Amino acid sequence: MSAKIGVITFPGTLDDVDAARAVRRAGAESVALWHADHDLRGVDAVIVPGGFSYGDYLRCGAIAKFAPVMTEVVTAARKGMPVLGVCNGFQILCESGLLPGVLTRNAGLHYVCRDQWLTVANNTSAWTTRYDAGAELLIPVKHGEGNYMADKAVLDELEGEGRVLLRYAGENPNGSQRAIAGITDARGRVAGMMPHPEHAIDPLTGPTDDGLGMFLSVLDALVAA
């Protein structure tokens, strides 16, 4: 029986369909989760996809963190369920307190949409074991508020504990401190990243298939558990 991975839809979400396709491509069952439900429908992992939840009013992710489904995600994540937040999903995970720091307006205040080279900084998380440490990936970015910021103590803690998941290689597209493109929680089960792995699962439709390893990695983690 295949693993079940939930993909949340909020008002304003736009990458849920792509995330669900990536889940299926990896060989798992995609389960649709609705923002207003207190129900994770028996899934084994959750993806909080990109978009503009609730129109990004107040602050990106600030309203979504109060959605009923996020109450369930936070509870499950604290018990060890793997969770991946992509772009707006990363913002939501930070607002929900599952990950530290905040995503702010891009340096230069411009929206960025391009294929971006990344370096794998941590290949031991539930979402990155299919990669070699130091591997370079080409995955799209598309965001206006992807500038990761945290105080020095938090940044030093992330670095010291090996919790920086990905870094931008070459030009930093948004000004993120220490070129951080993604991070994990202390257990390596909850991860957030601004680049979109679901848009890089097939060379026919994306720049590469480099993003597919994220979804294959979590299946490995679920089997191992």
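## Cut-offs at work

Trainee: Why does Arg-21 count as partly exposed?

Mentor: Its relative accessibility is 31%. Buried means under 20% relative accessible area, exposed means over 50%, and partly exposed is in between (1.4 Å probe, protein chains only). So with 31%, Arg-21 sits in the in-between class. By the way, this is a predicted model: local features need pLDDT of at least 70, side-chain atom pairs count only at pLDDT 80 or more, and totals for chains, interfaces and linings use all residues. Residues are numbered from 1 along each chain as its sequence is written, and side-chain values use heavy atoms, with hydrogens and water left out.

Trainee: What makes Arg-21 and Asp-202 a salt bridge?

Mentor: The N to O distance is 3.9 Å. A salt bridge needs a side-chain nitrogen of Lys or Arg within 4 Å of a carboxyl oxygen of Asp or Glu, so this pair passes. Arg-21 belongs to helix α1, while Asp-202 is in the loop between β11 and α5, so the bridge ties together parts that are 181 residues apart in sequence. Asp-202 is buried, at 11% relative accessible area.

Trainee: Helix and strand labels keep coming up. How are they assigned?

Mentor: They're DSSP runs, numbered from the N terminus: H or I of at least four residues for helices, E of at least two for strands. Helix α1, for instance, covers residues 16-26.

Trainee: Which residues of α1 are buried, and what puts them on the same side?

Mentor: They are Asp-16, Ala-19, Ala-20, Ala-22, Val-23 and Ala-26. They cover an arc of only 155° around the axis, which puts them on the same side of α1; the arc is that of the directions from the helix axis to the C-beta atoms. Exposed Val-17 and Arg-24 are on the face turned away from that buried side.

Trainee: What makes the rings of Phe-90 and Tyr-148 a stacked pair?

Mentor: Their centres are 6.0 Å apart and their planes make 10°. Rings of Phe, Tyr and Trp (its six-membered ring) pair if the centres lie within 6.5 Å; planes under 30 degrees apart count as stacked, over 60 as edge-to-face, and the rest as tilted. So the distance makes it a pair and the angle makes it stacked. Phe-90 lies in helix α3 and Tyr-148 in strand β8, so parts 58 residues apart in sequence are tied together. Phe-90 counts as buried at 1% relative accessibility, and Tyr-148 is buried at 0%.

Trainee: How do you know that α3 is mostly covered?

Mentor: 8 of its 8 residues are buried. Helix α3 packs on the sheet, touching β3, β4, β10 and β11; contact means heavy atoms within 4.5 Å.

Trainee: What joins β4 to β11?

Mentor: 4 bridges, with the strands running parallel. Two strands pair if DSSP finds at least two bridges between them, so β4 and β11 qualify. Val-86 stands opposite Met-193 in β11.

Trainee: What separates Lys-152 and Asp-156 along helix α4?

Mentor: About one helical turn, the two being 4 residues apart. Their closest N and O atoms are 2.6 Å apart, in a salt bridge. Lys-152 counts as exposed at 59% relative accessibility, and Asp-156 as partly exposed at 32%. Both belong to a network of salt bridges that also includes Glu-159, Arg-167 and Arg-178.

How values were computed
Axes are lines fitted to C-alpha atoms, for helices over the stretch in contact, and angles run from 0 to 180 degrees between N-to-C directions.
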